Amino acid sequence: MVALILPLLGTVALTTACTVGEDRTDPAPSTAPPSTAPAATGQVGQPSPSASTRATIPMSAFGELPPELRKSPRRATPVADALPTLCGNEFGTGGRQVTASASMTLTYRRAGEPASNVPQGMIHQTIFTFDGDGASAYMRRLLGAVSACPSYDRGGNPVKVESRALPGVGDEALLLTRRWAEESLNGERTGRDASSQIAVARVDGAVTVFHDQGWEGTSGNAAILDRVVRDGVQTIDVWQR
């Protein structure tokens with residue numbers, strides 16, 4: 001993998017091999033995120049044979065948190081690390097029509113919490129751009145794969161998956177909710193359920209995936225995710241004009 005360091009206000013430049021720019025990796029979840037770390041790359045599928053020009057996805061195409069919810073600055077993330085998995089590689093099926101891909105991670109906190117507190121969670125956003133009808137084809141494949149995976153096992157803890165359409169977001173959108181038995185830091189069942197969500201939206205010839213993860217296996221924040229999804233999709237729409 002090739003490491004590239006980009007300025008904060010630069011662009012995440014991607015060749016047709018889907019190179020990702022600036023990255024700061026997360027530490028173990030028991031500590032707060034660091035401010036710097038090495039860069040990394042990610043790859044999904046193969047580049048389109050017709051994609052002869054250099055494809056770029058600027059950082060300005062990604063969503064951002066409002067200051068009161070922002071635990072740390074957003075950071076570039078390898079695509080393979082940002083995408084969720086259920087029964088298999090459902091979200092990495094971009095295929096040869098992918099012309100570019102990149103991911104950013106937002107680390108969020110509850111509004112009003114001290115800066116010294118651990119984050120509440122992270123939202124990984126991935127953007128794919130496609131040739132031709134690749135974006136619509138991605139959504140069709142994803143819907144079929146999700147329908148075939150109503151539940152899966154995660155470390156001996158069954159996870160149930162529910163999906164529904166997400167109206168009013170992009171040209172088409174899907175919202176997935178995952179539920180599992182919550183465990184304490186010691187690995188003991190608490191008797192409560194935990195949940196997190198994944199949102200996928202198509203905006204013309206681009207698809208964006210938002211993957212919400214609660215801190216240390218806790219529930220994500222559905223309200224924050226909904227806000228980030230709607231703002232992020234509008235941002236992509238503006239970028240594509």
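This is a predicted model: local features need pLDDT of at least 70, side-chain atom pairs count only at pLDDT 80 or more; totals for chains, interfaces and linings use all residues.
Next, show Phe 210 and Val 229. These two have the most contacts inside the largest nonpolar core, which has 30 residues. To see where that core comes from, display β4 (98-108), β5 (121-130), β8, β9 (189-203), β10 (206-214) and α3 (222-240), the elements that each give two or more residues to it. The largest share, six residues, comes from α3. In general, nonpolar side chains in soluble globular proteins tend to be buried together.

Stay on Phe 210 and list its contacts, leaving aside neighbours within four places in sequence. They include Ile 123, His 124 and Gln 125, then Gln 197, Ile 198 and Ala 199. Further along the chain, Phe 210 also touches Leu 225, Val 228, Val 229, Gly 232 and Val 233. Another core, of 24 residues, lies apart from the largest one; select Leu 86, Phe 128, Ala 135 and Val 159, which are among its members.

Move to helix α2, residues 134-147. Its 14 residues should span 20 Å at 1.5 Å a residue, and its end C-alpha atoms are 20 Å apart, so the two values agree. Which residues of α2 are buried? Select Gly 134, Ala 135, Ala 137, Tyr 138, Met 139, Leu 142 and Val 146. Their cover includes β5, β7 (157-165), β8, β9 and β10.

From there, follow the chain into strand β6, residues 151-154, which runs antiparallel to β7 and is joined to it by four bridges. Pick Ser 151 and its bridge partner in β7, Lys 160. The hairpin of β6 and β7 has two residues between the strands, and Gly 155 in the turn has a positive phi of about 60°.

β7 also pairs with β8, in the antiparallel sense, over seven bridges. Show Glu 162 with Thr 177 opposite it in β8. This hairpin has six residues between its strands, and here Gly 168 takes a positive phi near 80°.

Finish on Glu 182, found in strand β8 (residues 172-183). Is Glu 182 buried or exposed? Its relative accessibility is 14%, so Glu 182 counts as buried, the cut-off being under 20%. Leaving aside neighbours within four places in sequence, Glu 182 is in contact with Glu 188, Arg 189, Thr 190, Arg 192, Asp 193 and Ala 194.

Definitions and conventions:
Residues are numbered from 1 along each chain as its sequence is written. Side-chain values use heavy atoms; hydrogens and water are left out. Buried means under 20% relative accessible area, exposed over 50%, partly exposed in between (1.4 Å probe, protein chains only). Contact means heavy atoms within 4.5 Å. A nonpolar core is a set of buried Ala, Val, Leu, Ile, Met, Phe, Trp, Tyr and Cys residues joined through side-chain atoms within 4.5 Å. The expected span of a helix is 1.5 Å times one less than its number of residues. Two strands pair if DSSP finds at least two bridges between them.
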